[in-house]
Amino acid sequence: MRFRYRAAAMAATLALPLAGMVGLASPAQAAAGATATFTKTSDWGSGFGGNWTVKNTGTTTINSWTVEWDFPAGTSVGSAWDAQVTSSGTHWTAKNVGWNGTLAPGASVSFGFNGTGPGNPSGCKLNGGSCDGNDTPGDEAPSAPGTPTASNITDTSVKLTWAAATDDKGVKNYDVLRDGLTVATVNTTTYTDNGLTKGTDYSYTIKARDTADQTGPLSGAVKVTTTGGGGDDGGGGTGGSKVNLGYFIQWGVYGRNYHVKNLVTSGSAAKITHINYAFGNVQNGKCTIGDSYADYDKAYTAADSVDGVADTWDQPLRGNFNQLRKLKAKYPKIKILWSFGGWTWSGGFPQAVKNPTAFAKSCRALVEDPRWADVFDGIDLDWEYPNACGLDCDTTSSKNAFSEMMKAMRAEFGSDLVTAATTADASTGGKIDAADYGEAAKYIDWYNVMTYDFFGAWDKTGPTAPHSPLTAYDGIPQQGFNTADAMAKFKAKGVPASKLLIGIGFYGRGWTGVTQATPGGSATGAAPGTYEAGIEDYKVLKNSCPSTGTIAGTAYAKCGTNWWSYDTPATIKAKMSWANQQKLGGAFFWEFSGDTANGELVAAMDSGLKS
């Protein structure tokens with residue numbers, strides 16, 4: 001999960017395939033004096049690495065670029081970097097990101113992707129013209145249509161209406177996108193979408209196409225909830241009670257000096273329902289210990305122990321595990337899961353899922369080791385990310401590898417808790433689309449949807465943006481990077497609302513070199529942080545840089561030349577209210593040590609979920 005989640009990510013280009021991109025390019029210029037060429041950089045049979053190079057061969061500067069091509073059926077882009085890549089059926093479009101759109105005469109820029117399937121691109125267009133630089137049509141892409149309005153909403157249908165787009169040559173038709181996927185192409189400004197599921201959230205956008213087959217930018221999004229629905233969680237789930245889960249990080253006992261006892265002294269232990277202990281490792285196809293000293297060897301003094309009793313040199317279990325055991329004795333309602341993987345240790349999952357049954361058996365053997373079997377009530381799998389790129393790129397697993405893993409875990413752990421942390425990337429063709437989360441939901445109790453870290457100073461020049469937006473907003477750097485869209489997409493894939501937990505970060509993300517107080521400003525790099533540049537605990541920011549405004553449900557502040565976004569007790573309560581309205585299973589947070597000494601953020605989550 002976090003703190004280690006982004007620290008190493010910027011060291012490699014592949015670390016941000018689709019998750020850190022900035023705004024869409026401005027309207028494309030004609031292709032005069034420019035070329036686009038494609039090469040395969042690698043090929044492993046079931047997939048390949050692809051690279052496009054755009055070169056300005058003319059005499060004037062190009063301010064933006066758009067490359068379009070077609071793939072044969074069965075070939076697609078899995079993850080991409082240095083471009084905003086979208087698709088409509090087998091047609092793919094790549095637009096420059098904010099920092100690489102300008103090309104002086106003679107300059108070139110490249111972007112790449114990991115592809116699946118055997119095909120090669122065809123029908124290449126660069127800024128609407130030929131990719132060999134010979135075609136200069138001169139017509140512009142259409143404008144964005146108006147944000148659609150919804151009416152006649154029933155259990156299974158909704159009518160959408162929108163204002164027409166404009167184009168110099170005329171608009172031919174419109175693509176209607178539901179949760180980022182094209183569901184219809186129409187030549188009018190109205191469409192009725194049928195066959196929906198009752199009591200379900202959907203998000204709709206519209207895209208125009210002109211007579212030259214150029215597509216314009218997406219409209220704003222409208223959120224729709226169909227009528228009907230009930231409280232059934234589809235099996236498993238949270239049983240009607242709201243989950244309030246916190247991550248306890250094993251390494252917090254070192255530099256952060258945060259221990260299990262702090263959950264008691266802060267008052268947080270009385271307000272939570274579950275703890276995810278992070279992390280166990282995944283190595284050689286097995287679940288393994290993450291940090292043996294912190295986990296079960298560190299000796300605690302009486303002053304630092306949950307029950308005021310010091311560890312002895314010869315007792316069979318010490319460390320965090322023993323302190324968690326004491327915590328459960330004091331607060332019997334708390335359930336504890338052992339979480340495996342995380343940003344740093346997800347590289348072992350692709351090997352492990354080659355034999356999901358053996359992997360699940362190894363995990364159960366470790367979680368239920370006789371020394372600490374009474375400590376844990378289940379397992380959490382934090383794979384970042386199945387069939388996609390995180391710190392490492394998963395290029396070997398099939399799309400159903402995730403569900404096969406969760407199916408094996410459920411078979412092995414029986415009625416114990418089985419959960420998973422998941423991406424919140426709801427962009428078209430993004431990480432939610434990369435794995436079969438809908439099928440896997442049959443076997444899990446809930447998903448911890450990581451609805452934070454959407455934006456941050458890995459894009460060192462900005463634009464500044466809230467790292468945990470609840471909804472989309474005008475000027476958001478990336479469509480599909482917000483909580484509402486993520487939850488809607490999971491529901492559309494068949495995940496019951498009660499098996500979805502909203503995620504809250506107990507920290508902020510920030511930039512420096514910022515002059516604009518409101519979001520959308522430019523920057524020069526990451527703001528200084530206590531442990532890592534660009535990130536800081538809430539308990540520090542509430543005093544060092546108090547919030548001055550909110551956008552998309554998240555607070556922000558500018559202090560000197562530093563700009564931060566983070567959640568406060570007020571924004572957390574609002575997000576909990578939204579989660580309740582959406583009938584989600586509850587909420588979780590990363591992680592305890594970012595909160596104040598009196599646990600004010602945990603208290604806000606608790607009261608918000610109960611309201």
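**Disulfides and salt bridges**

Modeller: Cys545 is buried because its relative accessibility is 2%, where buried means under 20% relative accessible area, exposed means over 50%, and partly exposed lies in between (1.4 Å probe, protein chains only). This is a predicted model, in which local features need pLDDT of at least 70 and side-chain atom pairs count only at pLDDT 80 or more, whereas totals for chains, interfaces and linings use all residues. Residues are numbered from 1 along each chain as its sequence is written, and side-chain values use heavy atoms, with hydrogens and water left out.

Biologist: Which cysteine forms a disulfide with Cys545, and how far apart are their sulfur atoms?

Modeller: A disulfide is a pair of cysteine sulfur atoms within 2.5 Å, and here the partner of Cys545 is Cys559, with the sulfur atoms 1.9 Å apart. The pair links distant parts of the chain, 14 residues apart, since Cys545 sits in the loop between helix 12 (538-544) and strand 28 (549-551) while Cys559 belongs to strand 29 (residues 554-559); helices (H or I, at least four residues) and strands (E, at least two) are DSSP runs, numbered from the N terminus. Cys559 counts as partly exposed because its relative accessibility is 24%, and the link of Cys545 and Cys559 is right-handed, with 105° about the S-S bond.

Biologist: How many disulfides does the structure hold, and what is the pairing of the bonded cysteines in sequence order?

Modeller: The structure holds 4 disulfides, and numbering the bonded cysteines of the protein in sequence order gives the pairing 1-2, 3-4, 5-6, 7-8. One of them joins Cys287 to Cys363, with the sulfur atoms 2.0 Å apart. This pair also links distant parts of the chain, with Cys287 in strand 19 (residues 286-288) and Cys363 in helix 7 (residues 356-367), 76 residues apart. Cys287 and Cys363 are both buried.

Biologist: Is the link of Cys124 and Cys131 left-handed or right-handed?

Modeller: The link of Cys124 and Cys131 is left-handed, with -70° about the S-S bond, whereas that of Cys287 and Cys363 is right-handed, with 70°. The sulfur atoms of Cys124 and Cys131 lie 1.7 Å apart, S to S. Cys131 is buried because its relative accessible area is 9%, while Cys124, at 22% relative accessibility, counts as partly exposed.

Biologist: Turning to the charged side chains, how many salt bridges does the structure hold?

Modeller: A salt bridge is a side-chain nitrogen of Lys or Arg within 4 Å of a carboxyl oxygen of Asp or Glu, and the structure holds 21 of them. One of these brings together the side chains of Lys326 and Asp307 at 3.0 Å, N to O. Lys326 lies in helix 4 (residues 319-330) and Asp307 in the loop between helix 3 (292-297) and helix 4, so that the pair links distant parts of the chain, 19 residues apart. Lys326 counts as buried at 15% relative accessibility, whereas Asp307, at 42%, is partly exposed.
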